[in-house]
Amino acid sequence: IILAQIENEYGYYQQAYGAGGKAYAMWAGSMALAQNTGVPWIMCQQYDVPDHVINTCNSFYCDQFKPNLPTQPKIWTENWPGWFQTFGESNPHRPPEDVAFSVARFFGKGGSVQNYYVYHGGTNFDRTAGGPFITTSYDYDAPIDEYGLKRFPKWAHLKELHKSIKLCEHSLLFGNSTLLSLGPQQEADVYTDHSGGCVAFLANIDSEKDKVVTFRNRQYDLPAWSVSILPDCKNVVFNTAKVRSQTLMVDMVPETLQASKPDQWSIFTERIGIWDKNDFVRNEFVDHINTTKDSTDYLWHTTSFDVDRNYPASGNHPILNIGSKGHAVHAFLNNMLIGSAYGNGSESSFSVQMPINLKAGKNEIALLSMTVGLKDPIMNGWELALQV
């Protein structure tokens, strides 16, 4: 164990608690220090920490981050190689070139510790997820995927990056740094040590145009949005925008079936609504999560009413209005599916209007409420109206 952390990104929420929020942050840091663990304490995204507690950076880029005190190391606790997978949205992907660029810039700007969050993505085979509409997969476009396989070219590209940074170790640890301008959006971070060692990080932060720069009387080609690493201030051993490793695409293929024991799929039709000992009657809608206590993602709401034989009158068109705080619903009329609706990762709430055809006599409406991604502070509340 080389580091210990108290709280996580509390700085995002501290302001909501006013003066009490700051007081709590100070108490938490002081309490942690009092444990005398023998390793440094850190607080992520916390810009007003007690002395001797190190504030750290969580982000896609942390090269411009500075700790509270100049005597503290510059630590990047969460470098995000991807993002959460949200239902209904495209698979988040962060190019390996951009991840490598962010890491090279960080160490070029005096970074001490960098951690990938996450380096290996996993999967939760239970029901809980990272939030509303987030799948239980934590693959995160990580260098090692949820199946434990290396993700190419990201894994190999970052491996080559860190091999290159390792070549710069002595000068980075013991040298003095100098920042040189090589153009309007081009610069060099140079480290020289007492033994004559020299390391340079040549950066082109123009995201669109490649550039040719002159450094120590030599010309270097810098692709857009890239960093070249020169362990001897002369020769480029790595450029973040030039991916040399192979690209590997993983396909899911069905397992070969044995002729003697073929796998078979079974299909069955489930009843609309569930009637068992857990049924109860209310004169209002109930909150989904508070009712099911996270024991299931589903909750049936059913009601029935009678329609006069002379209905509908001429010109009347009944509409079923449904409003929900999230997450999703299937609507049934007289055991027939009439529509579905759902929110999204940005806004769980939704509303929908469905034209319906009622019959004379008894009509039954059933709503199947569904949660998508738990734990979730947003509860599933409902509004239902029949407009005629």
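This briefing describes selected local features of the structure above. The model is predicted. Strand 9 (residues 186-192) pairs with strand 8 (residues 176-183) through seven bridges and with strand 10 (residues 198-204) through seven bridges. Eleven salt bridges are counted, and one network of them joins D63, R105, K109, E187 and D189.

**Strand 9 and its neighbours**

- Strand 9 is largely enclosed by the rest of the structure, because six of its seven residues are buried.
- Strand 8 and strand 9 run antiparallel, and a hairpin with two residues joins them.
- Within this pairing, L179 has D189 of strand 9 as its bridge partner.
- Strand 9 also runs antiparallel to strand 10, where A200 stands opposite V190.
- The hairpin between strand 9 and strand 10 has five residues between the two strands. In its turn, G196 has a positive phi of about 95°.
- In a regular strand, side chains alternate between the two faces of the sheet.

**Salt bridge between E187 and K109**

- The side chains of E187 and K109 form a salt bridge, with an N to O distance of 2.8 Å.
- E187 belongs to strand 9, whereas K109 lies in the loop between helix 2 (96-108) and strand 5 (113-116); the pair therefore ties together parts that are 78 residues apart in sequence.
- E187 has a relative accessibility of 17% and so counts as buried, the cut-off being under 20%.

**Salt bridge between K154 and D141**

- K154 and D141 form a salt bridge whose closest N and O atoms are 2.8 Å apart.
- This pair links distant parts of the chain, 13 residues apart: K154 is in helix 3 (residues 154-166), and D141 is in the loop between strand 7 (137-138) and helix 3.
- Both partners, K154 and D141, are buried. For D141 the relative accessibility is 7%.
- D141 also has a positive phi, near 55°, although D141 is a residue other than glycine.

- E160 and K163 form a salt bridge in which the closest N and O atoms are 3.8 Å apart.
- Both residues lie in helix 3, and their separation of three residues is about one turn of the helix.
- E160 counts as partly exposed because its relative accessibility is 36%; K163, at 48%, likewise counts as partly exposed.
- Elsewhere, salt bridges that share partners connect D63, R105, K109, E187 and D189 in one network. One of these residues, D189, is the bridge partner of L179 in the strand pairing.

**Helix 1**

- The buried residues in helix 1 include G21, A25, A28, G29 and A32. These residues cover an arc of only 95° around the axis, so they are on the same side of helix 1.
- The buried residues pack against strand 2 (41-44) and strand 3 (53-59).
- On the face turned away from the buried side, helix 1 carries the exposed residues A19 and W27.

**Backbone geometry in loops**

- Most residues other than glycine have a negative phi, and most peptide bonds are trans.
- H327 is placed in the loop between strand 16 (319-324) and strand 17 (328-333).
- N36 is not a glycine, yet N36 has a positive phi of about 50°.
- The loop between helix 1 and strand 2 contains N36. With a relative accessible area of 67%, N36 is exposed.

Key: Residues numbered from 1 in each chain as written. Predicted model: local features only at pLDDT ≥ 70, side-chain atom pairs only at ≥ 80, totals over all residues. Heavy atoms only, no water. Buried < 20%, exposed > 50% of the residue type's maximum accessible area, 1.4 Å probe, protein only. Helix = DSSP H or I, 4+ residues; strand = E, 2+ residues; numbered from the N terminus. Pairing = 2+ DSSP bridges. Salt bridge = Lys/Arg side-chain N within 4 Å of Asp/Glu carboxyl O. Arc of directions from axis to C-beta. Contact = heavy atoms within 4.5 Å.
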